[in-house]
Amino acid sequence: MSSSSPKWLVFAPGIFLVMWSTGYVAAKFGLGYIEPLTFLALRFACVVVIMAVLFLVLRPPLPKSREEWMHLAIVGFLLQSLYFGMCYMAFKAGLAVGTLALILSLQPIIVGLVAPRWSGETVGWRRWNGLLLGLAGAVVVIVARSEIATPSVLGFLFAAIALFGITGGSLWEKRFGVSHHPVTANLVGFTAGFVGVMPFVFAFESMQILWSWQLAVTLAYLIVGSSLIAVGLLLAMIRAGDVSRVSALFFLVPPMAAAVAWLVLDEVMPPAAWAGMVIAGLGVFLATSPKKAVA
């Protein structure tokens, strides 16, 4: 993070990783009561309603130009509709969790390749070594936990679109993002995400919901933890630091999600996966630590 960044951002990576990783576990639990994209649309709609109420109360400033409106909407569409929506579509098409996580782990590598031309960042060999080490650790965790089945071509297509969504959203925010009031940014971004995912809801799902207190608690956690806190921190970190460094944090998401699933859902985590977590952690440290911290 730059020297002019808010001091509280030093805690952002850890909070982001916890919120983003546990969101996968919460979503898996909630899918027992609702179809995937209907769940996602309901989550986005709730966030929009909350942000609309806060907007009427706080009256935060609006974007100053048509371009700022457009950039907020584009980032919201890429992160919410494409990334989250296509992840769920990939699962519905039969893609294994481990296979999808492995494909999405390529995001920091792609960002590292594109960032120098896209946003003028310099990505040195130390950063590349950290990114590659993080990828190796993520692969170890995924392979150790998952029994890879032969997925459908359609599942691979949805996974590729999800990868494009999270990569494109990160790069777009870094190059064109302007600091906005969080209520304004969330209201525009999640509205774009809701509008973007609804065609898939109508096309692929019946929108039936089995209402229960378990679903309500899960939905509340995803709204506050994943949609508001995690996404807000992600965009704040991207604006304050190099996008390739922030993207390297995603190498820790699969291992951390696996650990939470092991604790909460009693999913088996083989010993080799713990070794992969250590490798991924070392890679993230190498890729994200300041130059002074590395001899």
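Author: Helices (H or I, at least four residues) and strands (E, at least two) are DSSP runs, numbered from the N terminus. This is a predicted model, where local features need pLDDT of at least 70, side-chain atom pairs count only at pLDDT 80 or more, and totals for chains, interfaces and linings use all residues. Residues are numbered from 1 along each chain as its sequence is written, and side-chain values use heavy atoms, with hydrogens and water left out.

Reader: In which loop is Met 207 found?

Author: Look at the backbone there. Met 207 is not a glycine, yet its phi is positive, about 65 degrees. Its place is the loop between α8 and α9.

Reader: Is Met 207 buried, partly exposed or exposed?

Author: Buried means under 20% relative accessible area, exposed over 50%, partly exposed in between (1.4 Å probe, protein chains only). Met 207 has a relative accessible area of 38%, so it counts as partly exposed.

Reader: How many helices and strands are there in the chain?

Author: Read along the sequence. The pattern is α-α-α-α-α-α-α-α-α-α-α-α. The count is twelve helices and zero strands.

Reader: What percentage of the residues in the chain is buried?

Author: The chain has 295 residues. Of these, the buried ones make up 51%.

Reader: Among contacts between residues at least 6 apart in sequence, what percentage joins residues at least 24 apart?

Author: Contact means heavy atoms within 4.5 Å. Take the contacts between residues at least 6 apart in sequence. The share that joins residues at least 24 apart is 89%.

Reader: What distance does helix α8 reach from its first C-alpha to its last?

Author: Helix α8 covers residues 182-204, which is 23 residues. The expected span is 1.5 Å times one less than the number of residues.

Reader: At which residue does α8 bend?

Author: A bend at a residue is the angle between axes fitted to the seven residues ending there and the seven starting there. For α8 the angle is about 30 degrees. A proline, Pro 199, follows within four residues of the bend, which is at Val 197.

Reader: How far apart are the end C-alpha atoms of helix α11?

Author: Helix α11 runs over residues 253-264 and has twelve residues. Its buried residues include Val 253, Pro 254 and Pro 255. At 1.5 Å a residue, α11 should span 16 Å, and the end C-alpha atoms agree, at 16 Å.

Reader: Which residue with a positive phi follows α11?

Author: Go past the end of the helix. The phi there is near 60 degrees. The residue is Asp 266.

Reader: Which residues touch Gly 165, not counting residues up to four places away in sequence?

Author: Gly 165 lies in helix α7, residues 153-176. It is buried, because its relative accessible area is 0%. The residues that touch Gly 165 are Leu 78, Leu 79, Leu 82 and Tyr 83.

Reader: What distance separates the C-alpha atoms of Ile 103 and Leu 163?

Author: Ile 103 sits in helix α4, residues 97-104. It counts as buried, because its relative accessibility is 15%. Beyond four places in sequence, Ile 103 touches Leu 95, Phe 156, Ala 159 and Leu 163. Leu 163 is 60 residues away along the chain, and the C-alpha separation is 7.3 Å.

Reader: What relative accessible area does Ser 226 have?

Author: Ser 226 is in helix α9, residues 213-240. Leaving out residues up to four places away in sequence, Ser 226 touches Met 19, Gly 23, Arg 43, Tyr 221 and Val 231. It is buried, because its relative accessible area is 6%.

Reader: With which residues is Leu 58 in contact, leaving aside its neighbours within four places in sequence?

Author: Leu 58 belongs to helix α2. It is partly exposed, because its relative accessible area is 49%. The C-alpha atoms of Leu 58 and Val 183 are 8.7 Å apart, across 125 residues of chain. Setting those neighbours aside, the contacts of Leu 58 are His 181 and Val 183.

Reader: Is Arg 59 buried or exposed?

Author: Arg 59 is in the loop between α2 and α3 (66-92). It is not a glycine, but its phi is positive, about 50 degrees. Its relative accessibility is 63%, so Arg 59 counts as exposed.
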